[in-house]
Amino acid sequence: MRDVIEIETKRLKLRRVRMSDAPRIARFCNDPGVGRMLAQTPLPYLEAAAEGWILISRAREPGKHFTFAVEIEGEGIIGVVGAHAQKDGAFEIGYWFGRPYWGQGYASEAVGAFVSEARRLGPLAAGHFVDNEASGRVLRKVGFDYTGEVKRMFSMGRGESVDCKRMSYRSAGADDDHLRVAFA
């Protein structure tokens, strides 16, 4: 994962985020349906915030933070998936997709492909707000199970703390045969 620069699936390309992605990131994350489901995304979400987030994601410590844009050829970025090192040594998986791309299997495909590489980093963890069962279904589909822990997390988009169901990675849920990975 440390040297992975691109992952391709049947329909999607996962690649490093670019500054040119900022307008679409801002458009999608400014949608309350998306922004309210993320812990660190304020609403409204402006293009300047997206640009700042891209700069920060590029400057983070190598080997500890991985952020990939999810792209459909000809359309551009449709979402983001990433993993970030935690104090306990696990990597926290997170993702979001723009509303026009919900319900089409893109999240399962992209997150599954990403996890197929990220599992080499060590233990994987994830979570979702209790009112985002769709995210829980995606995570279960790609190999995560509920730990039974519910943790309160502050959501910038909501302006309040929300219960978050915690999950951990159990096994390969994605079909690795359909991946093509490019290394640096």
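**Close-up views of a predicted model**

**View 1. R15, D21 and E71 form a network of linked salt bridges.** A salt bridge here is a side-chain nitrogen of Lys or Arg within 4 Å of a carboxyl oxygen of Asp or Glu. This is a predicted model, in which local features need pLDDT of at least 70 and side-chain atom pairs count only at pLDDT 80 or more, whereas totals for chains, interfaces and linings use all residues. Residues are numbered from 1 along each chain as its sequence is written, and side-chain values use heavy atoms, with hydrogens and water left out. Between R15 and E71, the closest N and O atoms are 2.9 Å apart. This pair links distant parts of the chain, with R15 in strand β2 and E71 in strand β3 (residues 65-72), 56 residues apart. Helices (H or I, at least four residues) and strands (E, at least two) are DSSP runs, numbered from the N terminus. R15 is buried at a relative accessible area of 3%, and E71 is buried at 13%. Buried denotes under 20% relative accessible area, exposed over 50%, and partly exposed the range in between (1.4 Å probe, protein chains only).

**View 2. R11 and E109 are joined by a salt bridge.** The search of the whole structure returns ten salt bridges. In the pair R11 and E109, the closest N and O atoms are 2.7 Å apart. R11 belongs to the loop between β1 (4-8) and β2 (13-16) and E109 to helix α4 (residues 106-118), so the pair ties together parts that are 98 residues apart in sequence. R11 is partly exposed at 37% relative accessibility, while E109 is buried at 15%.

**View 3. D31 and R99 form a salt bridge.** Their closest N and O atoms are 2.8 Å apart. Because D31 is in the loop between α1 and α2 and R99 is in the loop between β5 and α4, the pair ties together parts that are 68 residues apart in sequence. D31 counts as buried at 18% relative accessibility, whereas R99 is partly exposed at 41%.

**View 4. R158 is placed in the loop between β7 (144-155) and β8 (160-169).** R158 is buried, with a relative accessible area of 15%. Its side chain reaches the backbone oxygen of R36 at 2.7 Å. A polar contact of 2.9 Å also joins the side chains of R158 and D131. Such a contact is a pair of N or O atoms within 3.5 Å; within protein, one must be able to donate a hydrogen and the other to accept it, and residues adjacent in sequence count only if both atoms are side-chain atoms. Not counting residues up to four places away in sequence, R158 touches R36, M37, F129 and D131, where contact means heavy atoms within 4.5 Å.

**View 5. Helix α1 (residues 22-29) contributes buried residues.** In this helix, A22, I25, A26, F28 and C29 are buried. An α-helix has 3.6 residues a turn, so residues three or four places apart point the same way. The cover over the buried residues of α1 includes α2 (32-35), α3 (47-59), β4 (76-85) and β5 (91-97).

**View 6. The largest nonpolar core has 48 residues.** A nonpolar core is a set of buried Ala, Val, Leu, Ile, Met, Phe, Trp, Tyr and Cys residues joined through side-chain atoms within 4.5 Å. L14, I93, F97, F114 and F144 touch the most other members. Helix α4 supplies the largest share of this core, eight residues. Not counting residues up to four places away in sequence, F97 touches residues including V34, V70, I78, W102 and Y106.
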